[in-house]
Amino acid sequence: LSTTLAVSITKVISGLTGYSDAGTILIVLSSMMVTFAMCNIIYTQILIPQKRERIYLYVILCSVALNVALSCLFGMVVFKEQPGIGVAIGTAVTDLLMLIALVVLTWNNSKQIFFNLNNVKLIVLSGVLVGANLLIKSPLETALLRSLDLETTLWVEIILIFIIDVVIYVAGLILTKEKFVRSLKLKR
């Protein structure tokens with residue numbers, strides 16, 4: 001949701017003028033929701049129980065140094081005209097590399113957690129949501145702008161797409177018989 005509505009969300013938060021790169025920065029940094037969550041799962045469900053927390057500490061320390069280096073490189077050299085985007089890319093790349101390092105270092109345990117059919121279903125369902133959002137967003141915005149001002153249009157667009165996403169996601173979870181949804185049905 002944050003990737004497909006990033007421009008609308010940033011316009012609502014920061015105003016209709018200025019902050020032109022904010023939507024792009026939000027799109028880039030939204031990838032960290034996934035990478036950070038996966039790193040956290042490795043830390044709490046694999047490394048802590050095995051008393052191997054130091055691995056996480058070493059990876060974090062290396063990631064901090066790499067993040068500073070990549071953020072400077074992308075922000076001051078590669079994206080000179082848009083340093084915020086460069087720093088966001090450097091940070092997102094660092095987070096992805098941190099996840100890769102943790103998966104490699106905990107492969108025997110992490111492969112069972114992350115690489116399974118249930119997660120494939122969730123990824124496909126997320127792709128369906130992104131596709132639906134991209135198909136809906138432009139025509140919805142155009143229709144709303146005919147009768148509403150831009151700021152109200154942005155709010156209505158965000159709310160409507162959020163509701164549509166919830167309906168599609170819950171329906172998708174039920175149709176694919178996702179584990180969590182099945183466990184909720186059994187507890188009734």
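Because the model is predicted, local features need pLDDT of at least 70 and side-chain atom pairs count only at pLDDT 80 or more, whereas totals for chains, interfaces and linings use all residues. Residues are numbered from 1 along each chain as its sequence is written, and side-chain values use heavy atoms, with hydrogens and water left out.

Side chains of opposite charge can pair when their charged atoms come close. One of the salt bridges links Glu-141 with Lys-137, with 3.1 Å between the closest N and O atoms. These two residues are 4 residues apart in helix α6, so about one helical turn separates Glu-141 from Lys-137; helices are DSSP runs (H or I, at least four residues), as strands are (E, at least two), and are numbered from the N terminus. Lys-137 also forms a salt bridge with Glu-157, for which the closest N and O atoms are 2.8 Å apart. Since Lys-137 lies in helix α6 and Glu-157 in helix α7, this pair ties together parts that are 20 residues apart in sequence. Through shared partners, the salt bridges join Lys-137, Glu-141 and Glu-157 into one network.

A pair of aromatic rings is described by the distance of the centres and the angle of the planes. The structure holds 2 aromatic pairs, where rings of Phe, Tyr and Trp (its six-membered ring) pair if their centres lie within 6.5 Å, and planes under 30 degrees apart count as stacked, over 60 as edge-to-face and the rest as tilted. One of them is the tilted pair of Trp-107 and Phe-115, with 5.5 Å centre to centre and 50 degrees between the planes. Trp-107 counts as partly exposed at 39% relative accessibility, whereas Phe-115, at 54%, counts as exposed.

The largest pocket contains about 980 Å³ of space. On a 1 Å grid over the protein atoms alone, a pocket is an open set of points, at which a 1.4 Å probe fits, with protein on both sides within 12 Å along at least five of seven lines, and lining residues have an atom within 4 Å of a point. The lining of the largest pocket comprises 27 residues, of which Val-34, Leu-122, Ile-123, Ser-126 and Tyr-169 lie nearest its centre. At least two lining residues come from each of α2 (22–47), α5 (107–114), α6 (117–145) and α7 (150–175), and the largest share, 8 residues, is supplied by α6. By class, 18 residues of the lining are nonpolar, 8 polar and 1 charged, with Ala, Val, Leu, Ile, Met, Phe, Trp, Tyr, Cys and Pro counted as nonpolar, Asp, Glu, Lys and Arg as charged, and the others, Gly among them, as polar.

Two further residues were examined individually. Thr-10, in helix α1 (residues 6–14), counts as buried at 13% relative accessibility. Leaving aside residues up to four places away in sequence, Thr-10 touches Gly-15, Ala-22, Gly-23 and Leu-26, contact meaning heavy atoms within 4.5 Å. Ala-101 is placed in helix α4 (residues 83–105) and, at 27% relative accessibility, counts as partly exposed. Ala-101 and Ile-55 are 46 residues apart in sequence, with 9.9 Å between them in space, C-alpha to C-alpha.

Key. Grid points are joined across faces, edges and corners, and a volume is the space filled by probe spheres set on the points. Buried means under 20% relative accessible area, exposed over 50%, partly exposed in between (1.4 Å probe, protein chains only). A salt bridge is a side-chain nitrogen of Lys or Arg within 4 Å of a carboxyl oxygen of Asp or Glu.
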